[in-house]
Amino acid sequence: MLSEEQRIKMLKVPEGYIDMVLDTDAYNEIDDQFAISYAMKAEKLNVKAIYAAPFFNDRSSSPADGMEKSYREILKLLDLAKLSAVVFRGSDRYLPDEKTPVSSPAAEDLVKRAMDYTPEKPLYVVAIGAITNIASALLIKPEIADRIV
């Protein structure tokens, strides 16, 4: 477990190139398409994966439907922009409580991927949708908390 001093150090603006994953409910609102496009084209960002996050509102019939629509929206955007990225389906429902993860390809990928990083060279996790995928990964393997920002 990192000390408070180490955590604060990890939160400082990084220098140089950084590896990141983007967790997004891309079909929910237009801002996520801009975020995906920016991240994919930004010179200092190395997008390692994009995760589809669940959402539920008048644009979806359930969190699972929202996630699936977001997954397809991510693929559509990448295709239109002629960009390539690894994309994972996320959780099909929200966390049932604060101790029970919802397993998904996105959460499992984050668990596996984060273990390749260190506190000195962390993986940056940008979550711009429901935090279910990230929270689930942290519940599945709490040790990744020291390897991600």
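A pocket is an open set of points, on a 1 Å grid over the protein atoms alone, with protein on both sides within 12 Å along at least five of seven lines; its lining residues have an atom within 4 Å of a point.

## Basis of the model

This is a predicted model, in which local features need pLDDT of at least 70 and side-chain atom pairs count only at pLDDT 80 or more, while totals for chains, interfaces and linings use all residues. Residues are numbered from 1 along each chain as its sequence is written, and side-chain values use heavy atoms, with hydrogens and water left out.

## The largest pocket

The largest pocket is lined by 13 residues; Met10, Pro119, Glu120, Lys121 and Pro122 lie nearest its centre. Helix α1 (residues 4-10) gives the most to this lining, with 3 residues. Helices (H or I, at least four residues) and strands (E, at least two) are DSSP runs, numbered from the N terminus.

## The sheet

An open sheet is formed by 4 strands in the order β3-β2-β1-β4, with parallel pairing; two strands pair if DSSP finds at least two bridges between them. β3 (87-88) and β4 (124-127) are at the edges with a single partner strand each, so one side of each has no neighbour in the sheet. Strand β1 (residues 18-24) pairs with β4 in the parallel sense over 4 bridges. Methionine 20 has tyrosine 124 of β4 as its bridge partner.

## Helix α4

Helix α4 (residues 105-114) packs on the sheet and touches β1, β2 (45-52), β3 and β4. Of the 10 residues in α4, 7 are buried, meaning under 20% relative accessible area with a 1.4 Å probe, protein chains only. They are Ala106, Ala107, Asp109, Leu110, Val111, Arg113 and Ala114. Their cover includes β1, β2, β3, β4 and α5.

## Asparagine 133

Asparagine 133 is in helix α5 and is buried, at 0% relative accessibility. Its side chain reaches the backbone oxygen of alanine 52 at 3.1 Å. Not counting residues up to four places away in sequence, asparagine 133 touches residues including Asp23, Tyr51, Gly90, Ser104, Ala106 and Ala107, where contact means heavy atoms within 4.5 Å.

## Aspartate 146

Aspartate 146 is in the segment after α5 (132-140). This aspartate is buried, with a relative accessible area of 15%. The side chains of aspartate 146 and arginine 7 are joined by a polar contact of 3.5 Å. A polar contact is a pair of N or O atoms within 3.5 Å; within protein, one must be able to donate a hydrogen and the other to accept it, and residues adjacent in sequence count only if both atoms are side-chain atoms. Leaving aside neighbours within four places in sequence, the contacts of aspartate 146 include Met10 and Pro119, both among the residues nearest the centre of the largest pocket.

Terms used:
Axes fitted to C-alpha atoms, helices over the stretch in contact; angles between N-to-C directions. Buried < 20%, exposed > 50% of the residue type's maximum accessible area, 1.4 Å probe, protein only. 1 Å grid on protein atoms, 1.4 Å probe; cavity = no way out; pocket = protein on both sides within 12 Å on 5 of 7 lines; lining within 4 Å.
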